[in-house]
Amino acid sequence: MRIRLVEAVEGHGEAELLRLALQQAVGALGGYGGLVHMAGAEGLLRLVAANGLPGPAVHRWEELSSRASTAPALAVTRGTVCWSTRRPPARGEAPAAAPVGPPGLDRPARAGDRPPSSTGPADAGEEAVAELPGGMVAAPVMVGGIPVGTLAVLTGEPPDAAAQDFLARLARTVGERLPHTRRRFGGAGPWWQEPAGVREQVVQQIRVGTWSWDLATGRLDVDDTAEDLLPAAGLDPDTWDHRIETWMARVHPDDRPGVQESVATALAGRQPYAVEYRVVGADGEVSWVELRAVFEYDGTGRAVRLAGTVWDVTARRSKLTWLAGLFERHPDPIHVLDADDRVEWANRAARALGQGGGAKVLGQIPWETVPDIADQGRPMLAAARAAPGKAVSTELTYEGPKGERVSWLVRAVDVGGFVATQMADVTEQKAAETARAERTRRMIELNAALIRALDTGDVIEVLVRHLLPMVAAEGLIVLDLTGPAPRLVAVTGYSADYSAELEAPGMLQRIADVVGSAGPRYFSTPEEMEAELPSVAARARQGGKRAWATLPLVVNDRRVGACVISWSAPHEFPDDERSLLGTIAVVIAQSLANARQYEDARHRAERLQAELLPGGLPHTVGVRAKARYRLAEGEEVGGDWYDTIALPGGRSLAVIGDIRGHGLEQAIAMGILRHAALAVASLDLPVDEVMAHLNDAAGRLGPLTATCMLVLYDATTGACRFASAGHPPPVLLTPGGEAHEMDLPSGQPLGQASVPAPVMHTPLPEGSVLVLYSDGLLDGDPRDTGPLTDLVTRYGATVPLPQEEERRDAWLDTLCDTIGGHLPSAPHRDDDAALMALALGRVPAERVAVWDLPFAPETAGRGRALAAERIAAWGLDDLTDTATLVVSELIGNAVRHAVGIGTDVADDTAGHMRLRLLHLAEEGTPAVTCEVYDGSQATPRVRHPLLDDEFGRGLQLVAVTARRWGTRYTEGGKCIWATVAG
């Protein structure tokens, strides 16, 4: 029934509704008294009604912070019924610390909670309330789901669940009826919702008058203060007739019906009268007045008089109008959106945002006009509604009507169920930030690329690829000033004719004098260059450019170069771009200086490497050889090497190797190993012993990885011996066949082997081609020789190896160029590569003579006769005497000091010896090599006998008469040889 009484309130004002609800709440809960608070500005709760409590007792409850722990504040914050023993501090009293421990404190009320006693207040009224045991229970008054106030009762005990439920239902009823109660005319908020500071300021600045209206006679009386307002209504205080009709005639026509209705409503409801309206002066100027009054009644209850206060509120109204106009004219777009995300209000700037300008936005959802912001706007509004009163910010980016990117920084805040948004155009700021970020990114890329650049060509390529796009330039000229004369190292973006003119006599020096002698200069137009640099302006115009930046390149106060960047159209140079170009000039200068140092060091290293490599390969008997050496890209010199060595008896030793890594150390180690191979090969040792000596030499060079391949070819027999120390096997192309990788055993790399490298012996047909290479030839996967073998096969099938030995050099050159041009397939060559191709021929059979002779002293005579006969057949009569003498002495020496082939004991009748004569050219002249084979591996030596010695002069005669002589070991003994030539 109590709730039904509140629901019956119809046509009454807010005050009547709240007063009645408070009376019913106190009565139902049996409380000492009750309070009604309404939410005001600045997060405060303001007291608007009290019941059952003395005036002094409610002073401390007049204004409450919504963040406090009192029951009304908790009810508004939590949106539910709350019980609390906390009281606000009395006037002049500091806030008390929160009590600790009592049940029910600062939480929803629970039956059975017992409150602690209160502390003493400041005066008698407050002291009386403070002595009351208990606390306060409050329920939120909600309108549209938003707490707008509280209904609170001071009780001795925490209410039970039924009492709490009643209070919640009663507060809900108040919230439902509150929007339908009669409000004051004029649109201003209730006085209790105005900030306290504003009320105090108004009281200090305005003069309040009194007035009364006799309802029976219609006479309107005002005091002297109120008479000051009469001129504002166009009335003369001294002559007007004090009639209510005269005053009503001065009320603004639009407000007159509302004023009359408000009088009738107040009279019918026996309520206080409060109204705000406009009056019109004699000159048509509009003023605002506010009147408040109450009806006076006679003994029969009939209203006879209305009396109250009046004051001029024009200044306040003007301020409000000014504020409204301020928001309307605010340059930033402002929107107010309702719960359905529709625009309830928008200022002029916001209304002009639509396509075409001035589009209607009221009543629309923002993303219905701009669909691109839907995914950005919905989360922003949801975040604002999730935290009312707290501003949230986001950035909206979408495509404008002309296709441009538009960016807005939006702040949104939920106030009373409406979300207000303020937008700031940050398009230019975002564009500038994006440009700065892009320029920073490009600068980082430029620095990284310059760090990787090694030589001058690399630096120029980086500038063309990164610098010119960064500043939107088209032309670049770079001079090197480290030498005795300026050197043009780069010109791009200009015609070929203009580029050639730059190298005309004296032109580069003029550019160097102009650019390199001053700081950076910037010319936005040809006229600016003409004014400052008339000596080169005309020539600069001929290049077709219209703006220039000249940058001296200086390192440690030393000029290293000059750079000219140019644009095809006039170009402004803002401060940030000038700063950027100045910084870039320093980076370019350092990079060019480093590149020059690298080039000098690399040039010296390449010269050293070239000196250590063999250069042109020597011709050997029956073998034609060609080689190529390819440097790695962007690396130091490497340690790959190759060589061919002529050996006696128509034999050739080919060697190829690889020192892993790059640098001078590798190049020097390569030279040491190559010359060690030359020295060991001169001893004419077997292949495995040569490799063993190279292994020892590599071991003394320190920690390195070196591979090597030895190929010993005998052109008189076609026999070939291979020994590999971790090196890739050669590719073999046989006449009329397909190229294939040879299946060879491989030992450990040099310097790491503890056992001799395995040796494979195989005969090769005449006309075979061997391709030897290092790992760098097959970048990527050195084990994949398929591309190499296919290339050699196609070349051999297309262009067969010539029969004539003299024509094979050109054939081998083309083969090496073909392989080098097609391999590797990888985009970058990471390792040096050595390539050597050998075309294997034979010594004609008619130029080789071999006899197996008895191992006996008389064999010397037989040998001389055979040798004389064959040398004569070869037409080398001039060499007969010398050759026969050498054969005789070699056979005699073998019989005296060695053993026969196939025996291990000296016996004139055991075993045999072999005599072989070779008709070979020696340094371009006819020559005969005489070889005597025996079964002993004892090394002969030249003796120096006394005059009366009978023996010991044989080898001395050989050494004197022959051009060269020597000894080599064979599988069954040794061979002593000597070459005689004309």
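Tutor: Pro802 counts as buried because its relative accessibility is 11%, and the cut-off for that class is under 20%. In this predicted model, Pro802 belongs to the loop between helix H23 (786–798) and helix H24 (808–822). With residues up to four places away in sequence left out, Pro802 touches Arg807, Arg808 and Trp811. A further relation concerns Ala839, which is 37 residues from Pro802 along the chain; the C-alpha atoms of Pro802 and Ala839 are separated by 9.8 Å.

The strand to consider next is S34, which comprises residues 925–934. Strand S34 is mostly covered, with eight of its ten residues buried. Its pairing may be described one partner at a time. Strand S33 (residues 912–922) runs antiparallel to S34, and nine bridges join the two. Within this pairing, Tyr933 of S34 is the bridge partner of Arg914. S33 and S34 form a hairpin with two residues between them, and in the turn Glu923 has a positive phi of about 60 degrees.

S34 also pairs with strand S36 (residues 974–981), again in the antiparallel sense, over eight bridges. Here Val932 has Ile976 in S36 as its bridge partner. Taken together, S34 is joined to S33 by nine bridges and to S36 by eight, while eight of the ten residues of S34 are buried.

Definitions and conventions:
Residues numbered from 1 in each chain as written. Predicted model: local features only at pLDDT ≥ 70, side-chain atom pairs only at ≥ 80, totals over all residues. Heavy atoms only, no water. Buried < 20%, exposed > 50% of the residue type's maximum accessible area, 1.4 Å probe, protein only. Helix = DSSP H or I, 4+ residues; strand = E, 2+ residues; numbered from the N terminus. Pairing = 2+ DSSP bridges. Contact = heavy atoms within 4.5 Å.
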